[in-house]
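Let's take a walk through this one, starting from the inside and finishing with a pair of helices. Have the model open as you read.

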Amino acid sequence: MKLFRKKEIDPFFKLFEIPCDYDGYDLVFEQGKTSPDIYYSINEIITNGKYEIKTDKVKHLTIASSLDEFYDFYDEWLEELLKEGFVFRLDAETPIEEFAQAIIKMLKIHAFEAPLNENDMIEHYKHELREMGINEAINYDVLMANTAAAELRRYKIELIDLFDGFSNCDFAIIPEHQIPALKKLEESVK
């Protein structure tokens, strides 16, 4: 009986009930079905045409490639996108300040016109915590991503999550009008 009462009064339990308010895209290659050229198109959307895939592993990817060959390519491609600032890895250790800075950096890289600043995103996140009765600084990735997604949507920009079959902690931003094209590409991967 104590366990249930604790859940009702402990504001931290509310964090785990928060649904994701952003789209995730499963980009995992399916051997014998997925055309490797799809990844050029996905890259075009994720980078807003500002970055070409540099890893040579994409050139060796064929429809008959194994899942291991795909992950060799994917890991190198994702590292490129992380290094160039088109993707940010958000996990439970990431403070809101670092995530907000990464979102601002992505906006600049894409040259999106959105007058967001990191202080607004940080305050929005802290406000959401206070609304739940949490007055201390904690890192909760789902809530951080949700607050960033809400801020970005005001400017027709979507926060998206890239799923590699194992984790879903890699985030990018794309124009809202590109969502249907990315969904179609995701469907064609499967």
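A nonpolar core here is a set of buried Ala, Val, Leu, Ile, Met, Phe, Trp, Tyr and Cys residues joined through side-chain atoms within 4.5 Å. Keep in mind that you're looking at a predicted model. With that said, the largest nonpolar core has 35 residues, and the members that touch the most others are Leu15, Phe99, Ile103, Leu107, Leu159 and Ile173.

Where do the residues of this core come from? Helices H5 (96-110), H6 (118-131) and H7 (141-153) each put in at least two, and so do strands S3 (157-163) and S4 (170-175). The top contributor is H5, which gives eight residues.

Zoom in on isoleucine 103 for a moment. Setting aside neighbours within four places in sequence, its contacts are Met121, Ala148, Leu152, Leu159 and Ile173. Apart from this core there's another one, made of 31 residues, including Ile53, Leu82, Phe86 and Val189. In general, nonpolar side chains in soluble globular proteins tend to be buried together.

Now for the helix pair. The axes of H3 (residues 38-46) and H4 (residues 67-84) come within 13 Å and cross at roughly 20°. Angles under 35 degrees count as roughly parallel, so that's how H3 and H4 run relative to each other. The crossing of H3 past H4 is right-handed.

Who makes the contact? On the H3 side you'll find Tyr39, Ile42, Asn43 and Ile46, and H4 answers with Phe70, Phe73, Trp77 and Leu81. Sort the residues of this contact by type and you get seven nonpolar, one polar and no charged.

Key. Residues are numbered from 1 along each chain as its sequence is written. This is a predicted model: local features need pLDDT of at least 70, side-chain atom pairs count only at pLDDT 80 or more; totals for chains, interfaces and linings use all residues. Side-chain values use heavy atoms; hydrogens and water are left out. Axes are lines fitted to C-alpha atoms, for helices over the stretch in contact, and angles run from 0 to 180 degrees between N-to-C directions. Helices (H or I, at least four residues) and strands (E, at least two) are DSSP runs, numbered from the N terminus. Angles under 35 degrees count as roughly parallel, over 145 as roughly antiparallel, 65 to 115 as roughly perpendicular and the rest as oblique. A crossing is left-handed if the near helix is turned anticlockwise from the far one by less than a right angle, and right-handed if clockwise. Contact means heavy atoms within 4.5 Å. Ala, Val, Leu, Ile, Met, Phe, Trp, Tyr, Cys and Pro count as nonpolar, Asp, Glu, Lys and Arg as charged, and the others, Gly among them, as polar. Buried means under 20% relative accessible area, exposed over 50%, partly exposed in between (1.4 Å probe, protein chains only).
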